[in-house]
2 protein chains.
Amino acid sequence: MDNRPIGLFDSGVGGLTVVKQVMKVLPNEDTIYFGDTARVPYGSKTRETVTKFSAQIIRFLMTKNVKAIIIACNTASSNSYDDLVRIFPDIPIFEVITAGVESCIEATKNRRVGIIGTQATVRSAAYERGIKQRMPDIRIYSQACPLFVNLAEEGWTDNDVTRMTAEIYLKEMLDGGVDTIVLGCTHYPLLKHCISRVVGEKVTLVDPAKATAMKMKKFLESRDMLKEGEGAERRFYVSDHTQSFDILCERLLKQHYTAEITDIEKY
Amino acid sequence: MDNRPIGLFDSGVGGLTVVKQVMKVLPNEDTIYFGDTARVPYGSKTRETVTKFSAQIIRFLMTKNVKAIIIACNTASSNSYDDLVRIFPDIPIFEVITAGVESCIEATKNRRVGIIGTQATVRSAAYERGIKQRMPDIRIYSQACPLFVNLAEEGWTDNDVTRMTAEIYLKEMLDGGVDTIVLGCTHYPLLKHCISRVVGEKVTLVDPAKATAMKMKKFLESRDMLKEGEGAERRFYVSDHTQSFDILCERLLKQHYTAEITDIEKY
């Protein structure tokens, strides 16, 4: 048994979609979330900067005595995971790409899939590499959709602007006949309804968050690291106050939480 | 005479629209620009965070021996100018709001004006206060247009998505009959053509950048601080490499410049 909390972090508040899945799959585990709202977004930034910011956050989470960490951010997962594992060899670190890759391969029938994410995630080609390794004869369409993050943050989750933006971004992969699209950014599940209407019911939308939470569960079980007893404590930290944290908490976690402000540049 | 450079900074690359005006109005002056591309945007962040980031940048610019500073960012100008002047009493600091206020008052005939900017700029009410002080009987419509920054950064300066977004954001002030709109964010001049088409030819769009550069010119003249001799050196620094810097340099300044990467958190 290991009663220490699980740490999760994201560039901003999008990672709360991963917190939600961890709460479902591991309801008794304590969690500590950090959202880097002072420096959001990461998706338009370089690998070096994303790695530096992520390392500061992991150092912060380690001061909170976490037993394992989930990088609940596709940009940091795809750009910085290898470096972070090297910098922090003593803490188990999980990313969201592998689970997304596996869910995508399970879902596709025609072997034509789409990957959507930030510029940095698409540039890293992490999803492509993971998918091609497991299924070499697959056709992959990748598309950076940077505005999806901003539309989600603006609360325009299902209006005409978002629909038209989705039509522009997704045209090429839909013309290519994909039957599966990976939502390769934690913000995108917030636009799922709108994206669904644009791509049609026959296209499966894969959200890596649930499979990532399942991976964490298996890991904790196999190492006998699950928490003893019931009832979980949830703590939230951000680098800057933002209304979107409050709004998303209510919407996703159906509860009000107060996030503590942390000066992350110190770490 | 004072041959030291003028320092300018912005949350990202939008401030290059101000550099362009300074180059026109003060062609012989050396300039040093800092764009905080690692932490862009500022417009969704709190006053405390914007002030902290701005102070780090001013400390950096002061190591470059600048003779005066232009805050080429409406969010930092409207939220942090008073604090920054207090923190740095020994360097002349200019902001973009005052020039925007004055240009707006000169332009309006029907005394109905619109202010558009980031969430933080609109929340600060700096434009409203400045305008009401000089012209109390004016009707002001303020609207945060956060997606305009993202659309400009995405290069969607004049497509259907941007037009429709402008129609949504500007509807209320257009219904209110404004004859003048202040582009209260350095990114917005990049969308000027599209915004123009939405608001119609009878509405004047005010860009504070030119009037700000004129203010700097008058200041340097009055203090006998203009540079001696011809030919100007232009230096550019950013906190993270980004393609949008290269693209905007070519587009606005009609020249390729290389920006040096700086670790701004050290300052």
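Me: What makes chain A agree with a compact globule?
Reply: The radius of gyration, taken over C-alpha atoms, is set against a rule of 2.2 Å times the number of residues to the power 0.38. For 267 residues a compact globule would have a value near 18 Å, and chain A has 18 Å, so the two agree. The C-alpha trace spans about 50 × 40 × 35 Å along its principal axes. This is a predicted model, in which local features need pLDDT of at least 70 and side-chain atom pairs count only at pLDDT 80 or more, while totals for chains, interfaces and linings use all residues. Residues are numbered from 1 along each chain as its sequence is written, with chains lettered from A in the order in which they are written.

Me: How do you know what share of chain A is buried?
Reply: A residue is buried if 20 or more other C-beta atoms, placed from the backbone, lie within 10 Å of its own. Of the 267 residues of chain A, 54% count as buried.

Me: Why is chain A described as having domain 1 and domain 2?
Reply: The bounds come from an automatic or database domain assignment. It gives domain 1 as 6-95 + 210-266 and domain 2 as 97-208. Their C-alpha centres lie 22 Å apart.

Me: What makes up the contact between these domains?
Reply: Two residues are in contact if their C-beta atoms, placed from the backbone, lie within 7 Å. Domain 1 of chain A gives 24 residues and domain 2 of chain A gives 22. On the domain 1 side, α3(A) supplies the largest share, five residues; helices are DSSP runs of H or I, at least four residues, numbered from the N terminus.

Technical notes. Helices (H or I, at least four residues) and strands (E, at least two) are DSSP runs, numbered from the N terminus. A residue is buried if 20 or more other C-beta atoms lie within 10 Å of its own, exposed if 12 or fewer, and partly exposed in between; C-beta atoms are placed from the backbone.
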